[in-house]
Amino acid sequence: MPMDGGAGNMSRVTQTRERRASSSKNQRIQDRPARMTILLRRQRRLLRPLGWGVLGISAVVGIGVLLHVAAPQPNINGNGASATLASLRKTLGEHTATLGMRIQDIVIEGRSNTPEPLLNAALGVRKGDPLLGFSVAEARQRIETLSWVENASVERRLPGTIVVKLTERRPFAIWQNQGKFVLIDRDGQIVADQDVATFRTLPLVVGAGAPAAATTLLDALKTEPEVKAHVIAAVRVNGRRWNLRLQNGTDVLLPEDHPLEAIKRLAALHKEHELLDRPLQSVDLRLPDRMVLRPRSEAITEKPAIRTVRRQT
């Protein structure tokens with residue numbers, strides 16, 4: 001019989017209770033989430049709305065890209081597919097505009113002579129319009145119809161910028177036809193019919209069919225600077241050959257075939273005899289083996305009127 005008055009039993013009971021309490025405490029510690037887990041849960045709750053927003057914008061941009069890629073080349077006559085895409089593009093632009101996707105800036109690169117009002121009208125959008133509400137391909141096509149523009153590109157840059165890059169035609173000569181003056185490029189294309197006087201130092205070509213044949217002749221004159229310095233205009237005759245009108249009123253008749261050789265011959269004659277400074281009605285080089293000089297008194301045909309380009313005041 002134990003003689004400790006039950007103290008031993010009490011000690012065992014106390015130890016048992018302590019073990020149970022410790023086990024329960026450990027269980028509660030194990031059940032409590034780690035600090036990192038709590039932080040990640042909080043971040044997840046905060047990022048969930050942002051994630052949906054980013055996902056929505058990505059979807060919108062993706063749809064816009066698909067519309068751009070799937071869009072057919074602009075059709076002047078129009079068709080059902082083009083009308084449907086235009087409607088979808090307009091709807092997309094309106095919805096994305098409510099998310100802030102509007103045109104904030106329009107950047108023009110390469111413009112020197114293209115009239116800005118015409119360019120803006122061809123682009124067809126302005127600041128504040130929906131960024132995805134128009135076709136960049138159709139805008140580019142409209143811009144390339146402008147006479148000054150050789151080619152163009154139109155780009156959308158997020159979040160709200162439109163970039164237009166231009167390659168302009170370079171005026172090569174002034175064409176006088178039926179009393180009117182226009183600028184032409186090396187390909188003979190009309191560049192502009194306004195502010196021609198600004199380019200009055202360019203060579204002058206005259207007559208029907210002159211633009212298409214001007215490049216070869218004017219390039220040849222550049223190789224003979226002394227002849228070029230005496231020429232005020234090149235006149236196209238019957239769409240086949242050229243006459244050179246000199247500053248003193250003399251006409252140099254070039255042959256239909258091999259005009260470049262005739263120009264070299266003319267340069268040699270001037271160097272030897274100062275031919276271009278003589279008061280002659282004409283110098284006829286149409287025959288390769290001879291030259292015919294006509295004094296002013298032997299005019300047999302009326303010369304075509306050649307006007308000079310003057311700066312407008």
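This is a predicted model: local features need pLDDT of at least 70, side-chain atom pairs count only at pLDDT 80 or more; totals for chains, interfaces and linings use all residues.
Visitor: In which sense do S4 and S5 pair?
Guide: Two strands pair if DSSP finds at least two bridges between them. S4 and S5 have five bridges, and Trp175 stands opposite Val182 in S5. The two strands form a hairpin with two residues between them, and Gln178 in the turn has a positive phi of about 55 degrees. The sense of the pairing is antiparallel.

Visitor: How many of the five residues of S4 are buried?
Guide: Buried means under 20% relative accessible area, exposed over 50%, and partly exposed in between, with a 1.4 Å probe and protein chains only. S4 is mostly covered, and its count of buried residues is four.

Visitor: Which strands stand at the edges of the sheet?
Guide: The sheet is open and has nine strands with mixed pairing, in the order S6-S5-S4-S7-S8-S9-S10-S11-S12. The strands at the edges each have a single partner strand, so one side of each is left without a neighbour in the sheet; they are S6 (190–192) and S12.

Visitor: At about what angle does helix H6 run to S9?
Guide: Helix H6 (residues 210–222) lies across S4, S5, S7, S8 and S9. Axes are lines fitted to C-alpha atoms, for helices over the stretch in contact (heavy atoms within 4.5 Å), and angles run from 0 to 180 degrees between N-to-C directions. Relative to S9, H6 runs at about 60 degrees.

Visitor: Where does Leu253 find its bridge partner in S11?
Guide: Strand S10 (residues 251–253) and S11 pair in the parallel sense over three bridges. In S11, the partner of Leu253 is Asp284.

Visitor: How many Å apart in space are Leu285 and Leu253, C-alpha to C-alpha?
Guide: Leu285 lies in the loop between S11 (280–284) and S12 (292–295) and is buried at a relative accessible area of 1%. Beyond its neighbours within four places in sequence, its contacts include Leu253, Pro255 and Met291. Leu285 and Leu253 are 32 residues apart in sequence, but their distance in space is 5.7 Å.

Visitor: With which side chain does the side chain of Arg245 make a polar contact?
Guide: Arg245 is found in strand S9 (residues 241–246) and counts as buried at 10% relative accessibility. A polar contact is a pair of N or O atoms within 3.5 Å; within protein, one must be able to donate a hydrogen and the other to accept it, and residues adjacent in sequence count only if both atoms are side-chain atoms. At 2.5 Å, the partner of Arg245 is Asp251.

Visitor: Are the planes of the Trp148 and Phe199 rings stacked, edge-to-face or tilted?
Guide: Rings of Phe, Tyr and Trp (its six-membered ring) pair if their centres lie within 6.5 Å; planes under 30 degrees apart count as stacked, over 60 as edge-to-face and the rest as tilted. A search of the whole structure finds one aromatic pair. The centres of Trp148 and Phe199 are 6.0 Å apart and their planes stand at 40 degrees, so the pair is tilted.

Conventions. Residues are numbered from 1 along each chain as its sequence is written. Side-chain values use heavy atoms; hydrogens and water are left out.
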